[in-house]
Each structure stands twice: as C-alpha cells, then as structure tokens.
Amino acid sequence: MPLSVHIHRNSDPAGLLIWCVIGFCAGIALFLYGFRLLQRRRLILEIPFSKIRSASIGMIEVSGLATGPYTMIAPITARPCYYYRTLIWEWKQRGKSKHWAKIAGECMHVPFFVDDNTGRVLINPRGADLDLHRDFEQEFCDSFFSTKELAPENVRTFLARHGVVTNNKIKVEEFCIKPKNALFILGTLAENRDVEVTRQPIGEDLQISSVSLGTFSLSIRPMSL
C-alpha cells in the first residue's frame with residue numbers, strides 16, 4: 001500500500017511583516033543616500049574650478065596642499081597633523097545578531113590652510129563632510145581566549161580618557177590631514193578678519209549612538225598629484 005506524505009508548512013505572519021518593514025526602511029535609506037550623492041555631484045559640476053588667487057566670495061572649488069604654522073599629535077598614530085578623527089568600535093552580540101558599535105570618538109583640529117601656489121585659504125572643517133584616507137585600522141582584544149593582539153598603551157590611554165572599559169574585541173580607526181597632503185576643497189569662501197590662527201586645538205563633538213550625515217558645507221579628500 002503506497003504511503004501518503006503530507007507536508008505542512010507553518011507560516012509566521014509576524015516575522016514576515018518584520019522583514020517587510022526592515023526591507024522597506026532599508027530601501028528608503030538607500031534612496032535618500034543616493035539622492036544626496038546625486039545632489040552633491042550636481043553641485044560639484046555646477047561650480048567651476050578656480051585658482052585661490054582669483055577665487056570670488058561664495059561657493060568655490062579649489063585644490064592645493066595642506067599647510068599651517070602649527071600641528072598637533074594624533075593620539076593613535078602619533079603623527080603630526082592639522083586634523084584627526086579617531087574612532088573606537090566594539091564587537092557586540094545581541095541574540096543572533098553581531099555588529100560593530102561605536103563606543104568612543106574624538107575629533108580635533110588646529111587652524112590650517114590650503115595653498116595652490118597662487119594663494120592660500122583658511123579651512124574650517126567643523127561640520128563638514130570629510131572623505132579622508134584612513135591612516136590606521138586594526139583590531140585588538142584583551143580577552144585571554146582571543147587570538148587578536150592586546151591593545152597597546154596608546155589605545156588603552158585613549159579608552160580611559162573616554163571612560164571606556166571592555167574586554168571585547170575592538171576596532172580602532174584614525175583619519176588625519178597631515179602637512180603637504182593634497183586636498184580637494186568644495187565650500188563657501190567668506191571674509192572673516194576676526195579669526196585668530198593659534199596652536200590651541202579645537203574639538204568637535206562626535207555622536208556615539210549614531211552616525212550623523214550632517215549638512216553639506218565643505219568636502220575635503222586626498223587627491224593624487
């Protein structure tokens with residue numbers, strides 16, 4: 001007598017709905033990000049490239065080398081620089097989900113200029129969108145059972161300064177603008193005779209809970225000569 005096999009499929013409407021919502025939100029986020037990139041591309045194409053000597057007040061697009069009378073030392077790479085952004089990420093697990101979560105961040109700069117041999121302009125990177133070369137990226141872990149390297153003293157000092165104690169795996173990143181870096185600048189040129197160029201570093205708050213895209217005001221990125 002032939003056997004009759006019946007397959008019963010259990011469906012989970014709640015789980016399906018959750019995945020639909022996640023996919024919908026991800027689609028909106030990707031659309032907004034793509035739209036923002038398109039707006040920036042159009043802005044770059046609309047603004048003519050100019051030499052600093054002949055640049056007019058308003059939106060400008062220039063390039064040159066980073067220079068300035070003062071530098072500071074980046075906390076992880078110990079390199080002299082005009083600007084650094086240092087980020088610490090922790091490997092966390094929630095249920096079956098694993099991800100990198102930002103647990104500490106620091107961003108500092110001293111006044112610096114961009115010089116293209118025809119003139120120079122003072123750069124204010126606060127609140128700007130920065131596309132910078134990553135000078136340092138490495139994972140560490142102080143756990144006895146990990147095969148990762150132990151965090152060096154400078155990383156421990158940085159974490160202690162921000163009140164972070166963890167034995168989990170961490171990832172350290174650092175981005176810098178160093179003397180003689182070739183930079184592309186897109187931003188607003190304005191007269192400001194009250195700005196004082198000093199060696200005192202200027203700090204900028206970094207959101208720890210989330211990464212904010214912010215408003216577009218200035219773009220700085222390394223470029224090939």
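1. In this predicted model, the sulfur of C176 lies 4.5 Å from the closest cysteine sulfur, that of C81, which is too far for a bond; a disulfide is taken here as a pair of cysteine sulfur atoms within 2.5 Å. The structure accordingly holds zero disulfides.

2. C176 counts as buried because its relative accessibility is 4%, and C141, at 6%, counts as buried too. Buried stands for under 20% relative accessible area, exposed for over 50% and partly exposed for what lies in between, with a 1.4 Å probe and protein chains only.

3. Five strands make up an open, antiparallel sheet in the order 9-10-4-5-12. Strand 9 (134-140) and strand 12 (202-204) are at the edges with a single partner strand each, so one side of each has no neighbour in the sheet. Strands (E, at least two residues) and helices (H or I, at least four) are DSSP runs numbered from the N terminus, and two strands pair if DSSP finds at least two bridges between them.

4. Strand 4 (residues 83-94) and strand 10 (residues 170-177) run antiparallel and are joined by eight bridges, with Y83 standing opposite I177 in strand 10.

5. Helix 2 (residues 153-161) lies across strand 4, strand 5 (97-109), strand 9 and strand 10, and runs at about 85° to strand 5; contact means heavy atoms within 4.5 Å, and angles run from 0 to 180 degrees between N-to-C directions of axes fitted to C-alpha atoms, for helices over the stretch in contact.

6. Residues are numbered from 1 along each chain as its sequence is written, and side-chain values use heavy atoms, without hydrogens and water. Local features need pLDDT of at least 70 and side-chain atom pairs count only at pLDDT 80 or more, whereas totals for chains, interfaces and linings use all residues.
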